[in-house]
Amino acid sequence: MIYKVYYQEHPERNPKRETTVSLYLTADSLPQAREIIEENTAYNVEAIEELSDKALTYEKANPSFEITTF
């Protein structure tokens with residue numbers, strides 16, 4: 001499954017929409033996706049969502065779409 005992770009790059013700052021960034025990753029479950037992020041980054045994670053087939057098709061249309069590997 002592919003998950004979209006919304007995060008702040010600087011964990012010491014309060015989350016703001018203007019500074020929210022996202023990435024995509026592959027994991028077997030939501031807990032595993034969270035574990036991958038926690039083990040490999042210091043990001044302040046706001047949300048993680050599983051992408052449905054329809055949402056994934058929409059996201060893939062964006063030229064900057066790239067699945068992050070750690």
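**Stop 1**

Begin with the strands: three of them make an open sheet in the order 2-1-3, with antiparallel pairing. The edge strands, each pairing on one side only, are strand 2 (21–26) and strand 3 (44–50). From one strand to the next the twist averages 25 degrees. Such angles run from 0 to 180 degrees between N-to-C directions, using axes that are lines fitted to C-alpha atoms, for helices over the stretch in contact. Strands here (E, at least two residues) and helices (H or I, at least four) are DSSP runs, numbered from the N terminus. Two strands count as paired if DSSP finds at least two bridges between them.

This is a predicted model, in which local features need pLDDT of at least 70 and side-chain atom pairs count only at pLDDT 80 or more, while totals for chains, interfaces and linings use all residues. Residues are numbered from 1 along each chain as its sequence is written, and side-chain values use heavy atoms, with hydrogens and water left out.

**Stop 2: strand 1 and its partners**

Select strand 1 (residues 2–8). Six bridges join strand 1 to strand 2, and the two run antiparallel. Find Tyr-3 and look across to strand 2, where its bridge partner is Leu-25. Then turn to strand 3, which pairs with strand 1 in the antiparallel sense over six bridges. On that side, Tyr-6 has Ala-47 as its bridge partner, and Lys-4 has Glu-49.

How many of the seven residues of strand 1 are buried? Six are, so the strand is largely enclosed by the rest of the structure. Buried means under 20% relative accessible area, exposed means over 50%, and partly exposed lies in between (1.4 Å probe, protein chains only).

**Stop 3: the salt bridge**

The term means a side-chain nitrogen of Lys or Arg within 4 Å of a carboxyl oxygen of Asp or Glu. By this rule the count comes to one. Glu-59 lies in helix 2 (residues 53–60) and Lys-4 in strand 1, so the pair ties together parts that are 55 residues apart in sequence. Both Glu-59 and Lys-4 are buried.

**Stop 4: the nonpolar cores**

Now select Tyr-3, Val-5, Tyr-7, Leu-23, Leu-25, Ala-27, Ala-33, Ile-37 and Ile-48, the nine residues of the largest nonpolar core. Such a core is a set of buried Ala, Val, Leu, Ile, Met, Phe, Trp, Tyr and Cys residues joined through side-chain atoms within 4.5 Å. Strand 1, strand 2 and helix 1 (30–40) each supply at least two residues of this core, and strand 1 gives the most, with three. Apart from this core lies another, of five residues, among them Tyr-24, Leu-51, Leu-56 and Phe-65.

Go back to Leu-25 and show its contacts (heavy atoms within 4.5 Å). Leaving aside neighbours within four places in sequence, its contacts include Met-1, Ala-33, Ile-67 and Phe-70.

**Stop 5: around helix 1**

Select Thr-41, in the loop between helix 1 and strand 3. Its side chain reaches the backbone oxygen of Ile-37 at 2.8 Å and the backbone nitrogen of Tyr-43 at 3.4 Å.

Last, pick Glu-35 in helix 1. Glu-35 counts as partly exposed, at 45% relative accessibility.

Terms used:
A polar contact is a pair of N or O atoms within 3.5 Å; within protein, one must be able to donate a hydrogen and the other to accept it, and residues adjacent in sequence count only if both atoms are side-chain atoms.
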